[in-house]
Amino acid sequence: MAATRERKVPALVDKPMDFCPGCGHGIVSRLIMEALEELDQLDNIIFPIGVGCSSNLGAGLECDRLHCCHGRAGAVATGMKRVSPDTLVVSYQGDGDAYNIGIAETFNAAYRNENITVIVINNTNFGMTGGQMSLTTMEGQKTSTSIYGRDCSVTGYPIRFPEIVAREFPGAAYAARGTVTNPANINKLKGYIKNALQAQLNHEGYSIVEVLSPCPINWGLTPVKAMERIEKELIPYYPIGEFKKRGEEQK
Amino acid sequence: MAEMMKGNEAIAEAAVRAGARFYAGYPITPSSEIMEYLSWRMAEVGGSFVQAESELAGINMVIGASACGVRALTASSGPGISLKQEGISTLCDEGLPAVVITQVRYGNGLGTLFTAQCDYNRETRGGGQGDYRCIVLCPSSVQEFVDLMLPAYELSEKYRIVVVMMGEGTLGQMMEPVTLPDFVETKRTPWALTGKYDYKKIGIFERDSRKEAVELREKYAAIKENEQRWFDEGVEDADYVFVAYGVPGRATLGAIRELRAEGEKVGLIRPITAWPFPEKAFAKINPACKGVITVEENATGQLVDDAALYIKKTHKDRNIPAYALTYVYNTPPIRSIKADYHRIKNGEVKEVY
Amino acid sequence: MREIVFAGSGGQGVLTVGLIISDIAATEGLNVTWVPSYGSAMRGGTANCTVKYCAENYIYNPSQEQPDLLLAMNEPSLHMFLPIVAPGGTVLVGDTVTIPDDARQDVTYVHVNCTEIATSLGNPKGANVVMTGAVVKLMGDFTKEAAIAAMNHMFEKKGKSKFNESNAKAFDAGYNAVECLTNASCVR
């Protein structure tokens, strides 16, 4: 039983990416690439990529991709998909990009039921610019723009966008939230991503997968403690699972 | 036979015939009929149309379609074009071609709906962040607008740059007899994203910015050298040369022809590219010319800056004055242009430069 | 070069009168421009358009300058545009418009009771077409037959050919109304 399997790098990844130690982005990137490989879509994929830590995805890939203006990936993806209906279009964005500055584009792409897949890495802050508060920052969470802890009475409450999609957009194909805290959750997340991509391949409509992802540097926690925070603090507010399953009867 | 057509509808049909197969935009007077027309027309020719949630989204959808190699279009006016500036800068940065139509209306902020030429500075200087310009075409009739749609796409693809069609409210709303061009066949551009990664130079991810800066300088120098377009008449022996584009440009043509018939030695340069500015036309101006006069639909005088710059550059030995005749709310009547010319000639109007 | 301003309240069909005259001129092979008021300028208030046509020259300035003829279908339009009518020009007004006593004297005023005429023809919505006939007669640039043929062709292109007969009657009535006016009854 001594056999150790060689770690296989997904075909679409050609360079190391610049994510911080303990960051969840790398795991999610790998899962997306594995899912594409398993769905035999390695030469049929375009990534419109958001601004923020998500941008680092672009630097490590060897495939068609475009760095979008901050928040506008939902619109760019719409333009791409409308003229390339048979090519997979997957936007890769953080919570600041997709929800704060980009909520109009994110919301309206879902509202129109564009046949695209949206992956949102939710680390409850603006990672790239130094950990400022975002729409997904938890109540009481200290960030560089909420140094006493987020006061939801003046900033609003953390947004749960996949739930909005599942509840309000009857045409949407798929909405789920996963996380990367342990192998079981990672496997589940990969299933969600594959489901979302399959929905798009089947022309079923809009699909979104949000990922609760650790940001140890900006949270001021060790990587292990950051994972623990997700389990203890985030999942109770941001439940993981499929909110709208593929193939469910459309209302 | 030429048919009476509304400007915006003729322009939209001309865009389709020039190969535009994607439109995204947001309604705004006086450009809305372009999107109304394309909302049904695109489907007929196998293209796509999206009524975007905002001008921001509209231009970013154009980015997506252009990145996938399709001739893409958006149209707007005043504040809508301001909202598109980040996207236009991005298109220029990524080397993505697109055509942006603006039917200019007067005013700051929300402004008014009246036809105008108040956005000359924004369009000709590259209105967004960074170090770029757009090629700016400024037709003076519906027919010229229609005839420039194909060259607009060809220029935008040749230089991988945004081409702004700078119209005016009047050009969108008026009707004139128009002969439409034939349809052209188009293919996806060779640098299109296809999902197969068969074109490797993509976005900011695989670029050498220092090398690119040199290429950028060379590209803009080539555009300035090769792409100046204008109409001129009577400039070689003129005492005064008018400079005007768009609808005021054609009104001024009427004015100089009447003035010539009355014995006045006047000429006209009507820029067809506002950028690159037609410097070569200025080199033809009579060395003994007494002044250049811009006719503009705005209050503060914008075109006059360029007219002054290029008359000083092409006639270095003499300090030829530059005057601005600025008119707000509608194209000036020909008789007003003529009366104001006589005021300049009589020394009643102070030069701007 | 000929310039006509068509003005009235929204719904009176003045833009359509301008369009018909433009199409007649274009059908005759003339250079033509039609420039409307648009946007909020049209909401609730007056609508207007300017038509220019000529045989020889390019139309340099399509915008309003100095009309040879003003069609004013309501009083606000009369007051707005009377000052720019060319000296010696013509001002055509409908039944609801009264010319003030102190109005300028260097233009000719013509009344055509277009609504009354249209109603008597059983076509109350055709008042603007009555005025189209009156405009063609006053301008004197086109024959009645050619004008009616061009007008009908324009409506055919819009899929409205079923109105051709009633439109031709209304046009004819407006044309004849001007023709029958004695100087005493039409000129103030």
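Modeller: Chain B of this predicted model splits into domain 1, residues 3–226, and domain 2, residues 233–345. Going by C-alpha atoms, the centres of domain 1 and domain 2 of chain B sit 28 Å apart. The two do meet: domain 1 of chain B puts 24 residues in contact with 22 residues of domain 2 of chain B.

Stay on the domain 1 side of that meeting for a moment. In chain B, the elements that supply two or more residues to the side of domain 1 touching domain 2 are α6 (120–125), β6 (135–137), β7 (162–168), α8 (169–173) and α9 (209–226). The largest share comes from α6(B), with 4 residues. Sort the residues on this side of domain 1 of chain B by class and you get 13 nonpolar, 7 polar and 4 charged.

Now zoom in on a helix pair in chain B. A pair of packed helices is described by the angle between the axes and by how far apart those axes are. Here, α1 (residues 7–17) and α2 (residues 32–44) of chain B pack at about 45 degrees, with 8 Å between their axes. That angle is why α1(B) counts as oblique to α2(B). As for handedness, α1(B) and α2(B) cross in a right-handed way. On the α1(B) side, the contact uses B:N8, B:E9, B:I11, B:A12 and B:V16, and α2(B) answers with B:E33, B:I34, B:Y37, B:L38 and B:R41. By class, the residues in this contact of α1(B) with α2(B) come to 6 nonpolar, 1 polar and 3 charged.

Last, the neighbours. Between chains A and B, each partner brings 30 residues to the contact. Looking across at your chain's partner, the elements of chain A that give two or more residues to the side touching chain B are β1 (45–49), α2 (55–60), β2 (64–67), α3 (73–83) and α5 (103–111). The biggest contributor there is α3(A), which gives 8 residues. In terms of class, that side of chain A has 15 nonpolar, 8 polar and 7 charged residues.

Notes
Residues are numbered from 1 along each chain as its sequence is written. Chains are lettered from A and ligands numbered from 1 in the order in which they are written. This is a predicted model: local features need pLDDT of at least 70, side-chain atom pairs count only at pLDDT 80 or more; totals for chains, interfaces and linings use all residues. Two residues are in contact if their C-beta atoms, placed from the backbone, lie within 7 Å. Ala, Val, Leu, Ile, Met, Phe, Trp, Tyr, Cys and Pro count as nonpolar, Asp, Glu, Lys and Arg as charged, and the others, Gly among them, as polar. Axes are lines fitted to C-alpha atoms, for helices over the stretch in contact, and angles run from 0 to 180 degrees between N-to-C directions. Angles under 35 degrees count as roughly parallel, over 145 as roughly antiparallel, 65 to 115 as roughly perpendicular and the rest as oblique. A crossing is left-handed if the near helix is turned anticlockwise from the far one by less than a right angle, and right-handed if clockwise. Domain bounds come from an automatic or database domain assignment.
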